Structure formats: C-alpha cells, structure tokens
Amino acid sequence: MPSTPRSGNPAKQAQLQQTAKQQREAKRQEKLAEYQRQLKKRQRGKLVWWIVGGAAILAVAAIVVASLVTAPRSYTAGSEGVEIEGVETFELESDHVDGVVEYEQNPPAGGPHNSAWLSCGVYTEPQPNENAVHSLEHGAVWITYDPAVVQGADLDALRALAPRTYAIVSPYEGLDTPIAVSAWEHQLKVDSVDDPRIAQFIEEYWQGGTAPELGASCTGIEGPGKI
C-alpha cells in the first residue's frame, strides 16, 4: 500500500492524510461497484442459460411427442390367414415388361411391371404404377390416397400407419375412394384414415407370402417428391 505523503505543516499533513483516505475509499467503492457489475452479469448469464435450457428441453419434448404420434408403426411379417372385410383378392402375372401397362385394378395390386422397382418411402407426388408394382412383388405395401380428400392431420395419421420398411405412401390421381391399400394380389379400399382395417390389412399382407420375390430389396429408383 503506498505511503501517505508527509509535510512539515500540520494542517497540510492533515489535508494530505484526508486526501489519501478519500482515494482509498474511492478505490474501494470502485472495486465494489465492479464486483457488483460482474455479479449481475453472471446472474443474467445464468438466467439466460436457464431460459435457453428450458426452451431446449421443451423443444426436445415436443419433438419426442411428435415422433411418437407420427412415427411409422411396427408390424409382424407374414400372413396369419386373417379374413378382413372388404379385401379383394386377384390372380395376377408377374412378368417384367417395357412401357405403360393397362392394369385391371386402380391402383394396381400386381401384374406385369417394369424391371426397375420404386424405392420404398413416403412421396408427395404420384408414382409410376409399373415401378410401384415391382415393389409390391418384393413384399411391400402401397398406401395410396386421394390428395383432394386426405390432407393435413389425416395425411399425417395415414403416413404414420406405414411400416418402417417395405412400404410406399403416395397420392394417387383418379381413385374411386379416399384411401386404397395394396399388397401383391390383395387390395383394400376405405373411406377414412380411422378405419381399423388399414392396420389389419398391413399386418396381414406386409411382407406376406403371396409376393413372388418376397424379401428382395426395396431400395431402387426414387420417384418425384420423396421425403
């Protein structure tokens, strides 16, 4: 600590001592003010982190809830011979052909098809019949819907019904029903995404034994609008 300057004059010496005391007090007050500023800064920083952390936790929770609501369902592969009301069954060829095919069903549930199969997944645009049918040959299910009718929350719910693998979900122009679910040689048409027969159909025919090339790859060409 610096010493107080000295003077032979008592009055002057007292003034010098008072000045030194004032300087020490001023420095002390300055340090105290700086400490208080730093303390407030740390407190504001903690508050910001609490807010950011809380918001992050809420965001993660929202994502988890949303994923649980919209996540694809799990299904058991293979048919159990369950009879589902409204399911149509066909006998169809499985030849590989070139060009456009005129199918007996709309959408098709099998038949002659292109040698290239469509990658399974969710699409926002209609897909070529000939490529999607080849995916059915590999054991996939094809969930099609009328985009003018099935939208918003209904569309999210329909997509959530799709299995995690070996499933195609896409809009389909010219459907005579809001929703059609197809597997090789089998098809179900329903009016609402809430119809329990959709899940029953998928459980019964997904990776079912009627597909000629059951279990072959479902990663092929990607059509337009793949999510």
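Residues are numbered from 1 along each chain as its sequence is written, and side-chain values use heavy atoms, with hydrogens and water left out. In this predicted model, local features need pLDDT of at least 70 and side-chain atom pairs count only at pLDDT 80 or more, whereas totals for chains, interfaces and linings use all residues. The mean pLDDT of the protein (the predictor's confidence in each residue, from 0 to 100) is 82, and 67% of the residues reach 70 or more. Over residues 60–71, pLDDT stays under 50, and the model has 4 contacts beyond four places in sequence for this stretch; a contact denotes heavy atoms within 4.5 Å.

The protein contains 4 helices and 6 strands, taken as DSSP runs numbered from the N terminus (helices H or I, at least four residues; strands E, at least two). From the N terminus on, the order of elements is α-β-β-α-β-α-β-β-β-α. Of the contacts between residues at least 6 apart in sequence, 71% join residues at least 24 apart.

The 6 strands are arranged in an open sheet of mixed pairing, in the order 1-6-5-3-4-2. Strand 1 (88–89) and strand 2 (121–122) are the edge strands, each pairing on one side only. Pairing requires that DSSP find at least two bridges between two strands. Strand 3 (residues 141–145) is joined to strand 5 (residues 179–183) by 4 bridges in the antiparallel sense, and Ile143 has Val181 of strand 5 as its bridge partner. Helix 2 (residues 129–137) packs on the sheet, where it touches strand 3, strand 4 (167–171) and strand 5, and its direction makes about 140° with that of strand 3. Helix 3 (residues 152–160) lies across strands 2, 3, 4 and 5 and runs at about 175° to strand 3. These angles, from 0 to 180 degrees, are taken between the N-to-C directions of lines fitted to C-alpha atoms, for helices over the stretch in contact.

The structure holds 1 disulfide, a term applied to cysteine sulfur atoms within 2.5 Å. It joins Cys120 to Cys218, with an S to S distance of 1.5 Å. The pair links distant parts of the chain, 98 residues apart: Cys120 is in the loop between strand 1 and strand 2, and Cys218 is in the segment after helix 4 (197–205). Both Cys120 and Cys218 are buried.

Leu118 is also found in the loop between strand 1 and strand 2, and is buried, with a relative accessible area of 1%. Beyond four places in sequence, Leu118 touches residues including Asn131, Ala132, Ser135, Ile168 and Cys218. The C-alpha atoms of Leu118 and Glu130, 12 residues apart along the chain, are separated by 8.8 Å.

Gln187 lies in strand 6 (residues 186–190) and is buried, with a relative accessible area of 2%. The side chain of Gln187 reaches the backbone oxygen of Pro107 at 2.7 Å. That side chain also makes a polar contact with the side chain of Ser182 at 2.8 Å. A polar contact is a pair of N or O atoms within 3.5 Å; within protein, one must be able to donate a hydrogen and the other to accept it, and residues adjacent in sequence count only if both atoms are side-chain atoms.

Notes. Buried means under 20% relative accessible area, exposed over 50%, partly exposed in between (1.4 Å probe, protein chains only).
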